[in-house]
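Here is a note to read alongside the structure. Please keep the 3D view open and find each residue as it comes up.

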Amino acid sequence: MLKVAIQMDPIEGINIASDTTFFLALEAQRRGHPLWVYDFRTLALEDGDLFCRARPVTLRPVAGDHVSFGDEVRLDLGRDVDVILMRQDPPFDMAYVTATYLLETVHPRTLVVNDPAEVRSAPEKLFATRFEGVQPPTLISADPVALVDFHERHGDVVLKPLHGAAGSGVVRLKAGDPNLEALIEIHAAASRDPLVIQKFIPAVSKGDKRIILIEGEPVGAINRVPAEGQVRSNLRVGGTAAPVELTERDLEICAIIGPELKTRGLMFVGIDVIGDHLTEINVTSPTGAVQLKDFTGVDAAAILWDAIEANRTRAR
């Protein structure tokens, strides 16, 4: 038995039909692991001890009646639990970064999935640039001159916030589009973060593949197909999930990045592949496990908990 705390957005408001965190938690409960949930904003570090305000939960796969709560407790995350799932959604802002620093004080004594220091060191759009030969032409910068130059050289491009998520702020700009400088100005007024500009991949019309890797090994994939005339394929902004097979190129990309993921303790990762190109490595709260089970029968939750249980057995 493992005592499991889940750092997540409010569990009351999730859609259990598609939510990967709920899917992971339900599998843990099925295995007899007691569960608590907490909001990262209740984390408190005092004299080297990390606490939070948490509620024990009992889960049910019943829409509208999927969770019951016990009384709130003060949970010592370094002593009272064996595993923490860090599953709150981005944005990957300073509050998110601070949460990784706090969780780092208990890991690996308490196993945090994913390793908080490595989550902090692997911003999802930046991390993908470490691997040569897998990305489309890509520039990351806040410099308007560099961004405009890239657009002029590559023509049809996609512009997106560096730390955005779920397709938020993603814009396609065709060759000669005069709106780039205005978009840069709008972004700069709201954030000092750089932007990502990538050569547009026409294959996105056929879908943006989400591949799930556990301890660096691919376990399966789903396709996310954008709505007619759209460039964004994320399920939260109108994309549609569909079954898909892993290609030789997909497996090649996984073989390139997988060993690094395992070395870094990034146990549960979702990568995005369009055509032959890797576009993102998602390490914060990857999704897609529910759809993968629906389409293929592959149970990423069971595979992940097998890996977590093996890790805790070795640690003892």
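1. Start with one pair of residues. Val158 has Arg172, in strand 11, as its bridge partner. The strands involved are strand 10 (residues 157-161) and strand 11, which pair in the antiparallel sense over 3 bridges. Bear in mind that this is a predicted model.

2. Next, look at strand 4 and its partners. Strand 2 is joined to strand 4 by 4 bridges, and the two run antiparallel; here Tyr38 stands opposite Ala54. Strand 3 (residues 44-46) also runs antiparallel to strand 4, with 3 bridges, and Glu46 has Asp49 as its bridge partner. The hairpin of strand 3 and strand 4 has 2 residues between the strands, and Asp47 takes a positive phi near 50 degrees there.

3. With strand 6 (residues 73-76) it forms 4 bridges, and Arg53 stands opposite Arg74 of strand 6. With strand 5 (residues 67-69) it forms 3 bridges, and the bridge partner of Val57 is Phe69.

4. Two arginines in this region lie over rings. Arg55 is over the face of Phe69, 3.8 Å from the ring centre.

5. Now the interior. In soluble globular proteins, nonpolar side chains tend to be buried together. The largest nonpolar core in this model has 40 residues, of which Tyr38, Leu77, Ile84, Ile271, Leu278 and Ile281 touch the most other members. Elements that each supply at least two residues of this core include strand 2 (35-38), strand 4 (49-59), strand 7 (83-86), helix 7 (248-263) and strand 17 (277-282). Which helix gives the most to this core? It is helix 2, with 5 residues. Another core, of 36 residues, lies apart from it; Met8, Val37, Leu111 and Met267 are among its members.

6. Ile84 deserves a separate look. Leaving aside neighbours within four places in sequence, the contacts of Ile84 are Ala5, Tyr38, Leu77, Leu103, Val106, Thr110, Leu111, Val112 and Val113. Two of these, Tyr38 and Leu77, are named in point 7 with Ile84 itself as touching the most other members of the largest core.

7. Last, the aromatic pairs. How many does the structure hold? There are 2. The rings of Phe92 and Tyr96 have centres 5.5 Å apart and planes at 45 degrees, so this pair is tilted. Phe127 and Phe131 make an edge-to-face pair, at 5.5 Å centre to centre and 65 degrees between the planes. Are the residues buried or exposed? Phe92 and Tyr96 are both buried, and Phe127 and Phe131 are both buried too.

Technical notes
Residues are numbered from 1 along each chain as its sequence is written. This is a predicted model: local features need pLDDT of at least 70, side-chain atom pairs count only at pLDDT 80 or more; totals for chains, interfaces and linings use all residues. Side-chain values use heavy atoms; hydrogens and water are left out. A nonpolar core is a set of buried Ala, Val, Leu, Ile, Met, Phe, Trp, Tyr and Cys residues joined through side-chain atoms within 4.5 Å. Buried means under 20% relative accessible area, exposed over 50%, partly exposed in between (1.4 Å probe, protein chains only). Contact means heavy atoms within 4.5 Å. Rings of Phe, Tyr and Trp (its six-membered ring) pair if their centres lie within 6.5 Å; planes under 30 degrees apart count as stacked, over 60 as edge-to-face and the rest as tilted. A charge sits over a ring if NZ of Lys or CZ of Arg is within 6 Å of the ring centre and within 35 degrees of the ring normal. Two strands pair if DSSP finds at least two bridges between them.
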